Amino acid sequence: MNNDRINTEAVKEAHAQKLAVAKELNIPVADLENPYALPAAMPSSADRAVRSFSVDDFAMPTRSQDDWRFTPVERIEEFFNPFEGVDELGFSVSMADGSFIPTQQVQVYQAQMGEHPEEPAGIVSAPNDRASVVEWNASQEATIIDISGELQAPLMVRIHSESDELDALHLVIRVADKAHADVIVEHDGHMRLAEGVEIYTGEDSHISTTFIQEIDDSSKLVGNHRIHVGKAASLRHSVVTLGGDVVRIRMDQDFGGEQGDLNMLGIYFVDPGQHIEHRTMVVHNHPECKSRVIYKGALDGKGAHATWVGNALIQPTAPGTDSYELNRNLVLTPGAIADSEPNLEIENGNIVGAGHASSVGRFDDEELFYLQSRGIPEVEARKLVVRGFFGELIDEIGVPTISEHLMNVIDRRLARGENAEMQAVLEEK
């Protein structure tokens, strides 16, 4: 009898003894032949999450709750109590290049919502926190965008407001099997908006969605994105937040079959007194799926506060998973605060890879010195460093229509910070 056989017999004998003890004590033990059949003994974050269309099923958010501990709940408490939206939002759908919408490939229509949702509203999942269920019940109708085939130009959705009244919007983007499309959703103006987004992609589809928050400094936006990536489908989901007094966007995702591919990209720029928060939850529930989460932010000024919480869960049903999440924060001036928290739960050992990283740092003095030693003024050197920090990620978003626009907005934000700093110095004198 060779050594391999002796070792195998020893393992089986030890496992049999473990099973006998476990049976006596009623402890679950994994099957050696199928290690993915037995759920984890401890509930995962997905198992613990409440999902419901009823407001009563969710407690009022407080800083003592893990999901809200970084959030200034006192500044957005109006989003936690039932309200009726005033329906004053400007909403339009067009092609980014000015061409006519191909009606055979794109259909836009309304669907009723409520405690008993009718398809297609509520197709991804039920609301998952107090703010999202309040939004659901405040929205009388959902706007549905159905996409099929291959779009030759990006589809542009514009959401505009100049109202201080609390409003709600629910948007559903449904993508057919084998479809190819880019979708851009732009927010601008002044708003207090509770927003729900559902994204459902079909099998073997290839989709890019980019959500841009370019709202004024006194606006508030509390959003919830619920995402379903179809079998063998790829989705690039990008979020760009460049304004707002308080912005909190939570994103929850799962896969609908094996070999799904998800890229979640985020860019944010935070000014003095602003709170910008992004929370991602990636659930690997099918085999051989891949996910990448990359978020980068810059903070400029005293009281600027950014929060990124990245969660990734690899369930027993997801062998062959490849997952990674990254957050980088660049602090431009003293007094800014960045919370960066990556979380990873792994419930099986047969994975390709799983990891995370995060950092919070200031300007690299050596990099600035190098640029200045080449005759570049400090102000321009700072711009170049920030452009380089964001540039690779903006290129990865992969929509030329908005790339240069985003760089120009970032330059304007830097210039605004420099002007404010100069004014403060003059006032001190």
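This is a chat about a predicted model of one protein chain and what its computed features show.

Reader: Before I look at details, which residues count for local features in this predicted model?
Author: Since this is a predicted model, local features need pLDDT of at least 70 and side-chain atom pairs count only at pLDDT 80 or more, while totals for chains, interfaces and linings use all residues. Residues are numbered from 1 along each chain as its sequence is written, and side-chain values use heavy atoms, with hydrogens and water left out.

Reader: What is the mean pLDDT of the chain?
Author: The mean is 86, and 84% of the residues reach 70 or more; pLDDT is the predictor's confidence in each residue, from 0 to 100. Helices (H or I, at least four residues) and strands (E, at least two) are DSSP runs, numbered from the N terminus.

Reader: And where does pLDDT stay under 50, with zero contacts beyond four places in sequence?
Author: That is residues 422-429, where contact means heavy atoms within 4.5 Å. Residues 35-40 also have pLDDT below 50, but that stretch has twelve contacts in the model beyond near neighbours in sequence.

Reader: How many helices and strands are in the chain, then?
Author: The chain has six helices and 16 strands. Of its 429 residues, 52% are buried, where buried means under 20% relative accessible area, exposed over 50% and partly exposed in between (1.4 Å probe, protein chains only). Among contacts between residues at least 6 apart in sequence, 85% join residues at least 24 apart.

Reader: How many of the residues of α3 are buried?
Author: Eight of its nine residues are buried, so α3 is largely enclosed by the rest of the structure. Among them are Arg130, Glu135 and Trp136, and the buried residues of this helix (130-138) pack against β4, β5 (180-201) and β7.

Reader: You mention Trp136; which ring does it pair with?
Author: Trp136 pairs with Phe53, the ring centres being 4.8 Å apart and the planes at 50°, so the pair is tilted. For the rule, rings of Phe, Tyr and Trp (its six-membered ring) pair if their centres lie within 6.5 Å, and planes under 30 degrees apart count as stacked, over 60 as edge-to-face and the rest as tilted. Phe53 lies in the loop between α2 (45-48) and β1 (90-95), and Trp136 in helix α3, so the pair ties together parts that are 83 residues apart in sequence. Phe53 counts as buried at 18% relative accessibility, and Trp136 counts as buried at 0%.

Reader: How many aromatic pairs does the structure hold?
Author: It holds three, and one of them is the edge-to-face pair of Phe389 and Phe390, 5.1 Å centre to centre with 70° between the planes. Both Phe389 and Phe390 are buried.

Reader: Changing topic, what lines the largest cavity?
Author: Its lining includes Asp129, Ser132, Glu135, Glu195 and Arg248, and α3 and β7 each supply at least two of the lining residues. The lining divides into two nonpolar, three polar and four charged residues, with Ala, Val, Leu, Ile, Met, Phe, Trp, Tyr, Cys and Pro counted as nonpolar, Asp, Glu, Lys and Arg as charged, and the others, Gly among them, as polar. The volume of this cavity is about 40 Å³. On a 1 Å grid over the protein atoms alone, a cavity is a set of points where a 1.4 Å probe fits but cannot get out, and a pocket is an open set with protein on both sides within 12 Å along at least five of seven lines; lining residues have an atom within 4 Å of a point. Grid points are joined across faces, edges and corners, and a volume is the space filled by probe spheres set on the points.

Reader: What about the second largest pocket, how much space lies in it?
Author: About 360 Å³. Of its 17 lining residues, the closest to the centre are Asp87, Glu141, Asp167, Ala168 and Leu169. The elements that give two or more residues to this lining are β3 (141-147) and β4 (155-175), and β4 gives the largest share, four residues.
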